[in-house]
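Here are my notes on the structure you sent. Please read them with the model open beside you.

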Amino acid sequence: MSLVHLLLFAGLVIAASSSSPGSRLILREIADQKDKAVELNTTNFDSVLKDTPAKYAVVEFFAHWCPACRNYKPHYEKVARLFNGPDAIHPGIVLMTRVDCAMKTNTNLCDKFSVSHYPMLFWGPPIKFVSGSWEPKKDKSEILVIDDGRTAERLLNWINKQIGSSYGLDDQKFENEHALSNITDYNQISQAVYDVEEATAEAFDIILAHKAIKSSETSASFIRFIQLLAAHHLSRRCRKGAAEILVNYDDLCPSGNCSYEKSGGNDTLGNFPICGKDVPRGYYMFCRGSKNDTRGFSCGLWVLMHSLSVRIEDGESHFAFTAICDFVNNFFMCDECRLHFNDMCLSVKTPFKKARDFVLWVWSTHNKVNERLMKDEASLGTGDPKFPKIIWPPKELCPLCYLSSNQKSIEWDHDHVYKFLKNYYGPKLVSLYKEKSVSGSKEETVAATEDLTVATNALVVPIGAALAIAIASCAFGALACYWRTQQKNRKPRRR
Ligand code: FAD
């Protein structure tokens, strides 16, 4: 075990743990609470507004003793229910929040925004509120005072005017113009960053719930998949969580015998959430279906698989192929899915040598599933009406991918398909982080860049992400080596 590897690993853990742990938890908690507006305070204000996937934020400054504020609350909540929480009718657009200025701890925060009366409402891109302030006569601020939001109707009208929308208070879930279609806008994939995190967390929870690591074979398969995530997951917090599981694996699962309980300690697999504790659940955005029981997790899993495939190097392609095939076969609890997928894995007779071949294999395998489901869903009526299965990418997304096509067959330009996939599931998928960092601080730019990891140039990647590169460049040798050394040096924690 070299000192370099040790430092690289430490870097990964430190870099990853610098994100704001509580903020995602708070976003997730909206799921459980009656009030849909998110209660912010001095401690979580910046981190929640930095982490939200929403494009805009409303911040209500109020005082709990103020009777007008109490009367206003149901109006504010009526609007918040449209935008906040897992049952949001129009998710990912506006984060509705409130700050109680009567709490002493929030005094400075309220002062920074020159709060002169209660309730006082502000509007702006969430990132502009982070370390932000507002002064009455300052022109050109992107933070605006909402001057006409006294009732739910008026507040929603004001929002509609700002963003050119026509939302109504009576809008129902799934009558939702933001349920995209699968001939989607090229840019919408950037919303899938959060879906990939959520699908990763959900996959891990399913493994825990089913106590699915049952044998040395499933244990080895689990480790391979976690290694892949530790090196190439697009989210820093998932890479960190995966790396921590690997380092502790022998203690958590001696001889593949895992303990799964969530006890709050650090001696069971259940206490090592793969993407940290704070990944919101029930928030699928890119993968949100137009019906309750469609899309979501399985869509997120596909996006995870594509995003991993475009991040690996040539030398890892067969490892990644095996890791994904075994993961689906052992841990995807949909019998039909895994049997079909396993057949397609078994049909690969020659080990992959090029990452390009693996990227195209995942793509064509997904299309084979699409092709089969196109027929099944049409005859059974089980599909999502807004997302009928198609052979992908459609011409609208990638005209150059097509050499020719007719009703029966498509002749692909594989070079273009590869280029398209590399960009779509590579930089495009993480571009939301980038955009946020452009308007954010220098510190945020560094954090955002870390999230691009191995997809970016090694020279600009900070030390934490360098572990992933080290692993990538020697086919997981570094992590495997570090992990084994850890196991050897470690005192047994339990029998
Ligand atoms: P999905 O097919 O989940 O695709 C998600 C997104 O990926 C799409 O919106 C699109 O943007 C993009 N995409 C679509 N095709 C491609 C492609 N070829 N390459 C790259 N990107 C693409 N369901 C069954 O009923 N039977 C099965 O046998 C089955 N097998 C499955 C096997 C696996 C490994 C997985 C992960 C899922 C499987 N599913 C199966 C579920 C099914 O494939 C869909 O995930 C589910 O029906 C939801 O569909 P969706 O509309 O969200 O699009």
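**Notes on the model**

1. Ala199 counts as buried because its relative accessibility is 0%; buried means under 20% relative accessible area, exposed over 50% and partly exposed in between, with a 1.4 Å probe and protein chains only. Ala199 sits in helix 8. Helices (H or I, at least four residues) and strands (E, at least two) are DSSP runs, numbered from the N terminus.

2. This is a predicted model, in which local features need pLDDT of at least 70 and side-chain atom pairs count only at pLDDT 80 or more, while totals for chains, interfaces and linings use all residues. Residues are numbered from 1 along each chain as its sequence is written, and side-chain values use heavy atoms, with hydrogens and water left out.

3. What does Ala199 touch? Not counting residues up to four places away in sequence, Ala199 touches Tyr284, Phe297, Gly300 and Leu301, where contact means heavy atoms within 4.5 Å. Cys299 is 100 residues from Ala199 in sequence, yet their C-alpha atoms are 8.3 Å apart.

4. The largest nonpolar core has 87 residues. Such a core is a set of buried Ala, Val, Leu, Ile, Met, Phe, Trp, Tyr and Cys residues joined through side-chain atoms within 4.5 Å. Phe222, Leu269, Val303, Phe341 and Trp361 have the most contacts inside this core. Leaving aside neighbours within four places in sequence, the contacts of Val303 include Ile189, Phe286 and Tyr425.

5. Five strands form an open sheet with mixed pairing, in the order 1-3-2-4-5; two strands pair if DSSP finds at least two bridges between them. Strand 1 (38-40) and strand 5 (144-145) are at the edges with a single partner strand each, so one side of each has no neighbour in the sheet. Strand 1 runs parallel to strand 3 (residues 94-100), and three bridges join them. Leu40 has Val99 in strand 3 as its bridge partner.

6. Helix 7 (residues 152-163) lies across strand 2, strand 3, strand 4 and strand 5, at about 20° to strand 4. Axes are lines fitted to C-alpha atoms, for helices over the stretch in contact, and angles run from 0 to 180 degrees between N-to-C directions.

7. Which residues come nearest to the ligand? Of the 23 residues around the ligand, they are Arg295, Trp302, Glu336, His366 and Tyr425. A polar side-chain atom of Trp302 is 2.9 Å from an oxygen atom of the ligand, and one of His340 is 3.4 Å from a ligand oxygen atom.

Definitions and conventions. A residue is near a molecule or strand if one of its heavy atoms lies within 4 Å of it. A polar contact is a pair of N or O atoms within 3.5 Å; within protein, one must be able to donate a hydrogen and the other to accept it, and residues adjacent in sequence count only if both atoms are side-chain atoms.
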